[in-house]
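Hello,

Here is the structure I promised to pass on.

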Amino acid sequence: MTEAGASTPRERYRAQVRTEIKERAWGQIATAGASALSLNAIAKQMGMTGPALYRYFANREELITALVTDAYRSLADTFRAAAGSGADLTTLAHALRGWALADPHRYLLVYGTPVPGYRAPDGVTQIASEIMTTLLDACVTLPSDRPATPFDAHLEGHRQWAAGHPAPSAALHRALIFWTRLHGILSLELAGHFTGMGFDPAQLFAAELDTLT
């Protein structure tokens with residue numbers, strides 16, 4: 001999909017080239033992983049010189065940022081669409097799994113092994129916080145009938161990751177458990193660690209979701 005915001009012919013052409021560069025980058029990631037991403041190799045595939053490609057992405061880090069931003073935005077939009085339909089935790093969980101399975105390399109870029117030497121800028125983390133906000137919104141609607149835990153008390157003083165969300169500590173705890181357990185299953189599944197074990201990962205995901213909800 002061509003990048004949004006292009007209006008003049010020059011801007012539309014630039015957006016089209018940037019989109020093609022990103023598509024080539026995803027192809028590289030699928031073949032050799034994000035660590036092997038090479039702008040010069042992409043330029044060669046597109047019949048461009050390296051300096052010509054750098055007019056569209058100044059360096060490898062800027063290209064990775066564009067890919068990571070697109071990935072987080074896609075999941076944030078998926079969660080927002082689900083929430084707009086009155087999504088509960090179960091619906092959000094299945095939306096997460098569907099999004100992950102639709103493009104495993106996109107999932108693994110943002111939730112798999114970090115790219116060595118790469119640090120996402122603040123704009124990317126802001127999009128990631130939108131995803132967590134949607135999850136916290138769903139968590140606060142659930143009753144909490146369990147006694148408070150030491151980790152609940154710890155979270156009261158460590159809420160930075162919640163980006164100012166007013167959720168009580170029990171809801172914060174529930175969101176973290178939901179996020180870490182389901183991502184654990186998805187990461188193992190997409191990395192192929194369940195291959196040959198003889199069970200259906202979808203059933204494992206559903207069983208873990210039952211314990212969380």
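Phi of Ala163 is near 50°, a positive value in a residue other than glycine. Most residues other than glycine have a negative phi.

Some ground rules before the rest. This is a predicted model, in which local features need pLDDT of at least 70 and side-chain atom pairs count only at pLDDT 80 or more, while totals for chains, interfaces and linings use all residues. Residues are numbered from 1 along each chain as its sequence is written, and side-chain values use heavy atoms, with hydrogens and water left out.

Now the aromatic residues. A search of the whole structure finds six aromatic pairs (ring centres of Phe, Tyr and Trp, the last by its six-membered ring, within 6.5 Å; planes under 30 degrees apart are stacked, over 60 edge-to-face, the rest tilted). In one of these, the ring centres of Trp99 and Tyr107 are 6.3 Å apart with the planes at 65°, so this pair is edge-to-face. Trp99 counts as buried because its relative accessibility is 5%, and Tyr107 does too, at 0%; buried means under 20% relative accessible area, exposed over 50% and partly exposed in between, using a 1.4 Å probe and protein chains only. Tyr107 also pairs with Tyr111, tilted this time, at 5.3 Å centre to centre and 45° between the planes. Both tyrosines, Tyr107 and Tyr111, lie in helix H6 (residues 104-111), four residues apart, about one turn of the helix. One aromatic cluster is formed by Tyr72, Phe79, Trp99, Tyr107, Tyr111 and Trp179.

Next, helix H5 (residues 89-102). Its 14 residues reach 20 Å from first C-alpha to last, close to the 20 Å expected at 1.5 Å a residue (the expected span is 1.5 Å times one less than the number of residues). Among the buried residues of H5 are Leu92, Leu96, Arg97 and Trp99. The buried residues of H5 pack against helices H4 (60-84), H6, H7 (122-139), H9 (169-190) and H10 (201-212); contact means heavy atoms within 4.5 Å. Asp88 caps the N-terminal end of H5, with a side-chain oxygen 3.2 Å from the backbone nitrogen of Thr90 (a polar contact is a pair of N or O atoms within 3.5 Å; within protein, one must be able to donate a hydrogen and the other to accept it, and residues adjacent in sequence count only if both atoms are side-chain atoms). The charged end of Arg97 sits over the ring of Phe205, 5.7 Å from its centre (NZ of Lys or CZ of Arg within 6 Å of the ring centre and within 35 degrees of the ring normal).

Finally, helix H1 (residues 9-32), where Gln28 is found. Gln28 is buried, with a relative accessible area of 11%, and a polar atom of its side chain lies 2.8 Å from the backbone nitrogen of Ser38. Ala25 lies in helix H1 as well and is buried at 0%. Ala25 and Leu67 are 42 residues apart in sequence and 8.4 Å apart in space, C-alpha to C-alpha.

Best wishes

Note on methods. Helix = DSSP H or I, 4+ residues; strand = E, 2+ residues; numbered from the N terminus.
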